[in-house]
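Colleague: I would like to learn how to read salt bridges and nonpolar cores in a model such as this one. Could you take me through them step by step?

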Amino acid sequence: MTTTTSHIPESGQPAGGAAAPRPVRLIHTESTTEIPVHLLFRDDSGPAPVRLRPAMPGRRPGAAEQGGEQPGERPQERPGDRPHLRRPAALRPRRSVPRVDPELVERPARVLPGLAGVLAGVCGAAGCVATSRWAGVLPPFAAEALGGTAHGGAAGLGPAQWAAYAAAGTLGLFGFGGLARGRTGQAWVLGLFGRYRGTVRRTGLLWVNPLLLRRRADVRLRHWRSEPVRAADRSGVALRVVVLVVWRVRDTARATLVVEDHETYLRECVEAALLRVPVAAPGAGQGAADVTEDALTRLVAQDTAPVGLEVFAVRPVRVEYAPEVAAAMHRRRIAALDAQHRASMLTSVVDSVEDTVTRLTMRGLVELDDYERKVLVKDLTVAFCAGRGETGP
């Protein structure tokens, strides 16, 4: 059995009498201790022969090992040492960002000026002509044009001639086959056996290794006007939004090799952003439109940056309500206008009837009792309403 005692006895409390009301927070060294049951019924109030030991540990098990404290020392109380004060850390959902190979970044490829390729091709062609003359297989008119005879000094097609043909032909093919034309705003992404070998952004006549696979990438500043895309405003009302996206390819290696089609990826990122960002409703101020544009631009730029795209602006150019919402709003507006029109018409009719009855009565043209007045008012109201209904639009 456990009870709460004090290490310092309370002064002024009678030993055998009834327990006096306990003062509020006079003793600050209280602790929960364990007292044997047989000591609860002792008559004497002498000191207990049994040593009192705390029922609850003063420190957490293993605190000395964790904090480096000695066994006899009182551990320092920390906010995290109390189990009842622990609160599970709130797991905040984190938006996943695409991860790509950090080594896959754009770098310049090794190319030569186009003049080197032209010279190599000419040398290869000249080598083929010289080998043909050496082997004596040139046509008579070609041999005479080169200053020799058709068969004079012909060695025939032997291993040496075939080797010379192969070397000269390879040189000519590599020279002419590697010629490429670089254009402003266009880039070549080169690859060899599935491995990225660099990007060519130079313009003019160039020589590129013909064994490399070339992929053209457009690096100009581009814009894309979307089709009507589903969106919603801050109240959750369905909208149809047409956006204008200004963007360009910043890293040709990632834009070409990381995704299958970076233009399709950009469109899908824009559609996803429109579903997550509330769009300013039609008729909102310029400030709300600017806030929407900034949020869309930041979100789309963050999603497309890992694939080498740079987004400058995602600007809504046309915002309209969804067809079903627009139809409901149109019906509500027509009903409000109709109710307003009916109220104004009823007010005009009542005023006209009142004015007519008052004039007839004040001028003494008719003398009406209550029943006849009610009948007259009813007939005038029907006549005025029928007349206004016929002449109305």
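Modeller: We begin with burial, where a residue counts as buried under 20% relative accessible area, as exposed over 50%, and as partly exposed in between. Please keep in mind throughout that this is a predicted model.

Colleague: Is Glu-293 buried or exposed?

Modeller: Glu-293 has a relative accessibility of 16% and therefore counts as buried, while Arg-315, at 35%, counts as partly exposed. These two residues form a salt bridge in which the closest N and O atoms are 3.3 Å apart. Because Arg-315 lies in strand E12 and Glu-293 in helix H7, the pair ties together parts that are 22 residues apart in sequence.

Colleague: How should I read the nonpolar core, and which residues touch the most other members?

Modeller: In soluble globular proteins, nonpolar side chains tend to be buried together. The largest nonpolar core in this model has 25 residues, and those touching the most other members are Val-245, Trp-247, Leu-266, Val-270 and Leu-274. Helices H6 and H7 and strand E12 are among the elements that give two or more residues to this core, but its largest share, six residues, comes from strand E11.

Technical notes. Residues are numbered from 1 along each chain as its sequence is written. This is a predicted model: local features need pLDDT of at least 70, side-chain atom pairs count only at pLDDT 80 or more; totals for chains, interfaces and linings use all residues. Side-chain values use heavy atoms; hydrogens and water are left out. A nonpolar core is a set of buried Ala, Val, Leu, Ile, Met, Phe, Trp, Tyr and Cys residues joined through side-chain atoms within 4.5 Å. Buried means under 20% relative accessible area, exposed over 50%, partly exposed in between (1.4 Å probe, protein chains only). Helices (H or I, at least four residues) and strands (E, at least two) are DSSP runs, numbered from the N terminus. A salt bridge is a side-chain nitrogen of Lys or Arg within 4 Å of a carboxyl oxygen of Asp or Glu.
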